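Hi everyone, thanks for making time this morning. Let me put the model on the screen, and then I'll walk you through a few parts of it.

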Amino acid sequence: MIDWVWLAGHLDAIVYRTWQHVYLAALGVAIGFAISFVLALVAARYRLLYSPISALAGILYTIPSLALFAALISITGFSVVTAEVPLVMYTLVILVRNIVAGLDGVPAEVLEAADGMGYTRRQRLWRVELPLAVPLIVAGLRLATVSTIGLVTITATISDAFGGLGYFILDGYHRLTFLTEMYAGALPSILLALGADLLFVRVQRRVTPWAQARALEANS
Amino acid sequence: MPEQAAHRAAIVEYQHVSKSYATAKLPRSAPGAVNDLSLTVPAGKICVLVGPSGCGKTTSLKMVNRLIEPTSGRILIDGADVAGRDATELRREIGYVIQQVGLFPHQTVGANVAVVPRLLGWPAARQRERAEELLALVGLDPALYRDRFPAQLSGGERQRVGVARALAADPPLMLMDEPFGAVDPIVRERLQNEFLRLQAELAKTILFVTHDIDEAIKMGDLVAVMQAGGHLEQFAPPAEILAAPASEFVADFVGADRGLKRLSLTRVGEMALQPVVTARAGDPAGEARARTFADPFPYLLLLDPSDRPIGWVNQRHIPGTGTLAPSLATPMSPLLDRRTTLKDALSMMLDADVQTGIVVDRAGRLRGVLTVEAIAAVLRPSADPEVIAAGTSGAGS
């Protein structure tokens, strides 16, 4: 059933494709987060802009990725840009909404206390609002990362140069469903997604000890 | 700078301050509006703004630290118009306590208390020191509480941390908006008492907002009663508000039991105590018996060798010969001290079903007795304790 000889002969390729997978996903989430962060701050500051920003991110999310690749290839060619644009786009809807929800979730009395004690607007944002939004921001990053790890596989349709582990899935499929190769792509990519998920749970606990204190208190 | 501000209290003056929320649709007196408010809070006093919801008391408070800007008029702190100050700098010099406390959930209790010192750029060691000092001041053991998060505190503990935080930079002025409103009555009572004790030492100028007239009377050196539409109805010491309400609104607001409320304003120490026939345990009984029969009050108060009351002995139970044994006495009257309010004293006497309370000093030695009749005399409308005259006078500026 499993072609061990093929596996043994392709270990280097599997390791390479795994790293490529991580790289493509991480780059997409990082750029997506940078854009979302700015958009969310703008939306939180100028409330009127929130609906259009959120709607735009939602519309981008509905564009089929294959159609997008086809359209982009004519502009950006077979470059990494073509692979990353859809990945970045799909993170926006999750990240913008979570960051804004995190900022909105800061209790009114906390803001009033901050103002009353003499925080400037900027100090309040960076020292009070954003730290308190961290749990929802990390939750958004977690979701965006897991979904991006899944999406990286389809960048294999652009060219052999991309796709990370998706390369094996597509290649195995083209060889009249060579299952061993398809598993070699699918299983590590599932493990990557699970690993990223666990990593974010860890990070979350690490950076928000106060939220753990609250959860403990609520359970006791 | 903060060092120099220590032990200084500010004078706050409202000069014809109005705040209008009027719009085309709501032309007049929207909730929270303030109408031509003029009053002066003397340095080191607690001034309570009290009134029904929407009367503008919170608006009046927030105009001091410029969380709300007045439509017209001026507010002066130590003679300087707050409108001329940078709002954030101004706020760092004014303590601020709100009902929901608003502690920062992501910071430890210690960091929460040190918020203003941190904004002012104090060195880290000094921030920590100050936070610990203040936690101790509000009755929270720093070693136990410093590293906890707000979610791990009870409601009462949170309020204490809120007060400690407001005091951190030793501000000459504190604004407190229903600071004890979010806790149960027992905890509230305790926090109020602790705060009054604290204030007796700190002597800050305090503007205190509440909707609860009992709290206003208890906490205020001066009480400003406000009515819907932001009108100041009366500004006077609490005793005067109770004794001579300036308007029907004030009389209604303080309630039909305002006579009773005056009892909570007077403390046992302000009353003239009555003497009582006493004897020490071991004294000759016959002589004590004769003295007790000579007095209209049919009981002898038996004391221990340090003059601490043991209990009452009915004149008929005093033996004619021998000495007085402690076992003769029935300890049935409540013990009062100088700081007990007449309200509490009366309540303790009613609970014990007696007519007389025994007043003792700090060491437990007898000072005299207080009777129900003496307390009743305070309730009579003609009784006007000197408290009124002694209080700070003068409404307006």
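Before we start, one definition: I call a residue buried if 20 or more other C-beta atoms, placed from the backbone, lie within 10 Å of its own, exposed if 12 or fewer do, and partly exposed in between. Now the ground rules. This is a predicted model, in which local features need pLDDT of at least 70 and side-chain atom pairs count only at pLDDT 80 or more, while totals for chains, interfaces and linings use all residues. Residues are numbered from 1 along each chain as its sequence is written, with chains lettered from A and ligands numbered from 1 in the order in which they are written.

Let's begin with strand 8 of chain B, residues 205-210. Helices (H or I, at least four residues) and strands (E, at least two) are DSSP runs, numbered from the N terminus. Six of the six residues in strand 8 of chain B are buried, so the strand is largely enclosed by the rest of the structure. B:Thr205, B:Leu207 and B:Val209 point one way, while B:Ile206, B:Phe208 and B:Thr210 point the other way.

Who are the partners? Two strands pair if DSSP finds at least two bridges between them. Strand 3 of chain B (residues 46-50) pairs with strand 8 of chain B in the parallel sense over five bridges, and B:Val48 stands opposite B:Phe208. Strand 7 of chain B (residues 173-177) also runs parallel to strand 8 of chain B, joined by five bridges, and here B:Met176 stands opposite B:Phe208.

Next, please look at the open sheet in chain B, where four strands come in the order 2-1-4-5 with antiparallel pairing. Strand 2 (34-41) and strand 5 (80-81) of chain B stand at the edges, each with a single partner strand, so one side of each has no neighbour in the sheet. Strand 1 of chain B (residues 12-19) meets strand 2 of chain B over five bridges, with B:Tyr14 opposite B:Leu39.

Zooming out, chain B is divided into domain 1 (2-256) and domain 2 (269-379), with bounds from an automatic or database domain assignment. Their centres, taken over C-alpha atoms, are 43 Å apart.

Finally, the contact between the chains: how many residues does each one give? Chain A gives 17 residues and chain B gives 20 residues, where contact means C-beta atoms, placed from the backbone, within 7 Å. Helix 6 of chain A gives the most to its side, with seven residues.

Notes:
Two residues are in contact if their C-beta atoms, placed from the backbone, lie within 7 Å.
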